[in-house]
Amino acid sequence: MDEDIMEKYLRSPVTVPITACHPDPNNPRLALSDAPGYADDAALFDETLRKQILEEIGNDAHGIADLAEAIAGQGWMPIDNILGWQHPDNPKRWVIVEGNRRLITLNRLRTDDLPKARKKLARMEAKASSYPKSEIESCRAQVQRLEQVIADTENLSIVPVDASTPEELEHKLPRVLAVRHITGAKEWGNYAEDIWLLNRYEHLYADTYGEKADLSWDSAILKRVAHEASLGETTTRRQLRAAKWFSHFRAEWEDELPEGETFGKKDYYLFENISKKPWVRQKLGISEDAMAIPEQGEMALFTWVFKEPRTKKAETNPNTFYRHENILVWDQMNRYDEAQGTSFASRFDVENPDEAPTMHEVEAEYLMHKATKKPHAVLDDLLRRLNEFSASQLTSEGHFLRPQLEQVRDVAAKFIKMIDASEA
């Protein structure tokens with residue numbers, strides 16, 4: 001870790017029993033809307049919340065199974081620092097502010113993996129004649145490795161954050177975590193990362209203007225957040241706006257969703273796309289200093305994207321916009337309209353959202369119109385569009401894009417064969 005961070009924000013490592021270490025409910029990876037903060041030790045170490053964290057971070061999306069397998073196979077190697085904070089009102093307990101995945105994995109090895117391995121070994125040894133000796137030995141070795149890991153981690157080396165109060169921790173922790181995560185080894189993911197940045201911005205804003213001041217975009221504070229996170233100012237502004245707009249939209253419209261539905265982290269992608277496209281922001285009535293999308297714009301988005309129950313497959317989604325990339329298609333239609341004198345984009349009227357046709361319908365007409373261009377122009381346009389895809393889009397929406405990209409590949413291969421055959 002950065003030497004400057006070590007000197008200014010962290011103390012020398014200490015040895016702490018693993019039983020005294022608790023996962024952090026304020027972990028940005030969780031993005032909990034009701035995170036308890038650090039002041040109230042009873043809320044911070046609440047047992048119900050602890051179980052919720054074990055379930056949230058313990059699922060496959062956070063790679064706990066892979067990490068458990070690696071530790072069980074290779075042994076405990078504390079290469080990266082585990083950072084913790086000793087609560088002043090409860091000094092026997094430590095909240096782990098960096099290293100939650102490792103702490104939860106070690107907990108899993110104790111409570112799940114070792115008991116299962118021991119039970120399996122006992123069953124095999126009870127009927128030893130029914131199993132090859134090599135399988136019994138392999139199972140016994142697995143139990144021994146797990147027991148060794150557990151013995152090696154009864155006490156953990158913790159690097160304390162140098163903070164005597166919750167307020168001091170909240171001032172220092174963002175800088176430490178920015179070095180580790182915003183541009184570091186294990187990314188939190190766009191939604192959790194941007195909510196963290198927004199919380200940091202709001203904290204600094206309150207420090208500057210007071211707790212009761214109405215929030216606005218302040219260039220000096222934005223620049224400081226960007227510097228702390230090692231991000232460009234433009235990128236930081238875009239991420240902060242997307243996070244703020246989504247938070248407001250979520251609060252205003254979640255109760256209007258079809259029965260049984262909620263807004264999820266994947267829905268944040270819609271607002272990331274909006275924040276990147278000036279024409280879309282203009283159509284939705286979003287000014288440069290807006291802290292929320294105007295009511296009319298929010299109503300149009302809800303009507304087009306969320307009003308009807310969504311299906312797992314985009315192709316059968318009954319909403320006007322059947323996937324979040326449709327906001328980008330809308331922007332592309334506008335650029336095409338400007339160049340070709342057409343009017344595809346204008347068919348989606350923010351002031352009359354209920355009158356809009358489906359994107360399926362308009363997109364089909366738009367693509368058909370584009371297909372009337374000469375072949376080389378169509379291919380040039382296709383290549384340009386494909387090159388506009390970002391790595392984050394391919395990562396977050398890859399399961400939707402893969403079938404279409406495979407179809408493009410297959411069609412291209414067929415055309416090349418036809419060309420080769422004609423030239424033979």
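Start with the aromatic rings. Select Tyr 191, Phe 246, Phe 249, Trp 253, Phe 263, Tyr 268, Phe 271, Phe 302 and Phe 306: ring pairs link these residues into a cluster. Keep in mind that this is a predicted model. Across the structure, the count of aromatic pairs comes to 26.

Next, pick one of those pairs. Select Trp 304 and Phe 321, whose ring centres are 5.3 Å apart. Their planes sit at 35 degrees, so the pair is tilted. Trp 304 belongs to helix 13 (residues 295-306), while Phe 321 is in the loop between helix 13 and helix 14 (326-340). The pair therefore ties together parts that are 17 residues apart in sequence. Are these two residues buried or exposed? Trp 304 is buried, at 0% relative accessibility. Phe 321 is buried too, at 1%.

Now select Tyr 336 and Phe 344. They form a tilted aromatic pair, 6.4 Å centre to centre, with 45 degrees between the planes. Both residues are buried.

Go on to Pro 357, in the loop between helix 14 and helix 15 (359-371). Its relative accessible area is 15%, so Pro 357 counts as buried. Show the contacts of Pro 357, leaving aside neighbours within four places in sequence: Thr 320, Arg 347, Phe 348 and Val 362. Then bring Trp 304 back into view. The C-alpha atoms of Pro 357 and Trp 304 are 9.6 Å apart, though 53 residues separate the two along the chain.

Select Asp 354 and Lys 307, where the closest N and O atoms are 3.4 Å apart. Asp 354 is in the loop between helix 14 and helix 15, and Lys 307 is in the loop between helix 13 and helix 14, so the bridge ties together parts 47 residues apart in sequence. Asp 354 is exposed, at 54% relative accessibility. Lys 307 is partly exposed, at 41%.

How many salt bridges does a search of the whole structure find? The search finds 23. Another to select is Glu 147 with Arg 118, at 3.0 Å between the closest N and O atoms. Glu 147 is partly exposed at 33% relative accessibility, and Arg 118 is partly exposed at 44%.

Now try Glu 388 and Arg 335, a salt bridge with its closest N and O atoms 3.9 Å apart. Glu 388 is in the loop between helix 16 (375-387) and helix 17, and Arg 335 is in helix 14. Salt bridges with shared partners join Asp 331, Arg 335, Arg 384 and Glu 388 into one network.

Leu 379, Leu 382 and Val 408 make a nonpolar patch of about 230 Å². Val 408 is in helix 17 (residues 391-423) and is partly exposed, at 33% relative accessibility.

Arg 200 has a relative accessible area of 4%. Its contacts beyond four places in sequence include Glu 170, His 171 and Glu 228.

Finish with the strands. Strand 1 (residues 14-17) pairs antiparallel with strand 5 (residues 155-160) over four bridges. Look for Thr 15, whose bridge partner in strand 5 is Ser 157. Strand 3 (residues 82-86) pairs with strand 5 in the parallel sense, over three bridges. There, Gly 84 stands opposite Pro 160.

Methods. Residues numbered from 1 in each chain as written. Predicted model: local features only at pLDDT ≥ 70, side-chain atom pairs only at ≥ 80, totals over all residues. Heavy atoms only, no water. Patch = residues over 30% accessible without salt bridge, like charges linked within 9 Å, V, L, I, M, F, W, Y side chains within 5 Å. Areas by Shrake-Rupley, 256 points an atom, 1.4 Å probe, with all protein chains shown as cover. Salt bridge = Lys/Arg side-chain N within 4 Å of Asp/Glu carboxyl O. Helix = DSSP H or I, 4+ residues; strand = E, 2+ residues; numbered from the N terminus. Buried < 20%, exposed > 50% of the residue type's maximum accessible area, 1.4 Å probe, protein only. Phe/Tyr/Trp six-rings, centres within 6.5 Å; stacked < 30°, edge-to-face > 60°. Contact = heavy atoms within 4.5 Å. Pairing = 2+ DSSP bridges.
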